[in-house]
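I opened the model to look up how each chain is put together and where the two meet. My entries follow in the order in which I made them.

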Amino acid sequence: MKPCKAKLPDGKPCLNQADEGQEYCPFHLADQIRMPKKILAIALPVLGAVVTGVVTVLVKFVANSKRK
Amino acid sequence: MPNKDSLVIQPSGEVISHTDSQSDVIVFDEEKRQKLIQILRQIPAISDVAKKLSKGKTYKAYISPEVLKRIKDGSARLAKRDNGYFAANILDVETGRTIHNASLVEVTPDLLNSLNQLATQQTLANIVHRLEVIDEKITDILQGQVNDRLAEVESGIHIYEQAVVASDPDVRRELIVSAIQKLNDGRNKLIKSTDFSFIDKLPRNRLGMFFSLNWDIPKHVQSKAEPVWKAAHAIIKASRYLVLAYSALNQPDSLRVSLEQVKSEVKVFQDKIGKIVHWLPPTSNWRESLTTISQGVLPNIRDLDDILQKTIVVEFQPKEIAPPEGV
């Protein structure tokens, strides 16, 4: 166990201890993950919708060209 | 300290020094100090010393013949305090070191037992005070929340409170025994039933946290930690009243056994709470109380073992010890 590397908003060091092999305490590690996780959580459905749309358009296009 | 003399007395019955503050001492609160003074009044040597002090004379101490010989030939002398009174220790004239402590030879084993008993009670009172402080820290933050975990412990507390006001000593004793049973049961159930398993399931690295199904892990920990925290609160409350109850029955050894029985389980409890602390925001108002819990929920049993090694400090005014004039 070693002290967490993170700094608090007032500039003081974090009082928590980091786990073996980590530089930040569990709270700050989770805090650092929160934003990328949020972005991924928003991006994934958007990406899914875009991919679904593209696939739908492609399928329709192929189907139309076959009919012709 | 004008007009106030202090003696430092060891349970072995020796006056060893005076007034110096020591870290390993038992200092009595007012109630126990009064009880102690009652005991001191029964010790003729102290009573005599107090009588002389009130007349502004010197201490009357019981000194061994060899030391008396040295005092007579001038190689040793009685220590003198700042206020001009002689103290009960004898100094080497050349080196200035204490060579002998005047013994209270008239202290009977019965009185020493009472003194030890009082020291035990004071130690227990100190333990209760420490638990009160921890309890307050938690109560302040848990204010307004219903602690459902307290139910069984609270019934033990109620029985103890009924016992305290009972006038019949037999009824009182019976109620205290029943309170002890309830408190022990309640505390054991809490220790056994509290679920910490969530702590070991928490991800400990970035990747694990990233793919964890919990959106906000610290928030999840906080919600899971609440029942654990409430259980710790109830355990502290139960321990506090157990100390009081065993103290009322004057059974410190039973208290010691009761504490030892749950020691290892409570240690696990404390360690897990210590882990929870690292999941909390450093600014969380839970932090201090959880850290305090992780440092020790149960009173330190060693406090009871160390009583005989500790020095008892009693400050008293001569008039409190000396019988009224003419007696």
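I began with contact range in chain B: residues 24 or more positions apart account for 72% of its contacts with a separation of 6 or more, where a contact means C-beta atoms, placed from the backbone, within 7 Å. In chain A, 3% of the contacts between residues at least 6 apart in sequence join residues at least 24 apart.

A note on conventions. This is a predicted model, in which local features need pLDDT of at least 70 and side-chain atom pairs count only at pLDDT 80 or more, while totals for chains, interfaces and linings use all residues. Residues are numbered from 1 along each chain as its sequence is written, and chains are lettered from A and ligands numbered from 1 in the order in which they are written.

Next I checked confidence. The model scores ipTM 0.70 and pTM 0.64. Chain B averages a pLDDT of 73, and 62% of its residues score at least 70; pLDDT is the predictor's confidence in each residue, from 0 to 100. Residues 1-23 of chain B stay under 50, and the model has 50 contacts for them beyond four places in sequence. Residues 54-62 of chain B are also below 50, with 23 contacts beyond near neighbours in sequence. Where pLDDT is low, predicted coordinates should not be read in detail.

I then listed secondary structure, taken as DSSP runs numbered from the N terminus: helices (H or I) of at least four residues and strands (E) of at least two. Chain B has 13 helices and seven strands. Chain A has one helix and two strands, in the order β-β-α from the N terminus.

For burial I used C-beta atoms placed from the backbone: 20 or more others within 10 Å is buried, 12 or fewer is exposed, and in between is partly exposed. Buried residues make up 32% of the 327 residues in chain B and 15% of the 68 residues in chain A.

I looked up Leu91(B), which lies in strand 5 (residues 86-92) of chain B. Why is Leu91(B) classed as partly exposed? Because Leu91(B) has 17 C-beta neighbours inside 10 Å. Its C-alpha atom is 5.5 Å from that of Ala76(B), 15 residues apart along the chain.

The largest nonpolar core has 53 residues; such a core is a set of buried Ala, Val, Leu, Ile, Met, Phe, Trp, Tyr and Cys residues joined through C-beta atoms within 7 Å. Helix 1 (26-67) of chain A is among the elements that supply at least two residues of this core. Helix 9 of chain B gives the most, with 17 residues. Ile276(B) is one of those with the most contacts inside the core. Leaving aside neighbours within four places in sequence, Ile276(B) is in contact with Ile199(B), Val221(B), Ala225(B), Val228(B) and Leu290(B).

Helix 6 of chain B has 25 residues and reaches 36 Å from first C-alpha to last, close to the 36 Å expected at 1.5 Å a residue. Its buried residues include Ala179(B), Lys182(B) and Arg187(B). Helix 5, helix 9 and helix 10 of chain B are included in what covers the buried residues of helix 6 of chain B.

Last, the interface: 13 residues of chain B are in contact with 15 residues of chain A. Helix 8 of chain B gives the most to the chain B side, with three residues.

Notes. Contact = placed C-beta atoms within 7 Å. Expected span 1.5 Å × (residues − 1).
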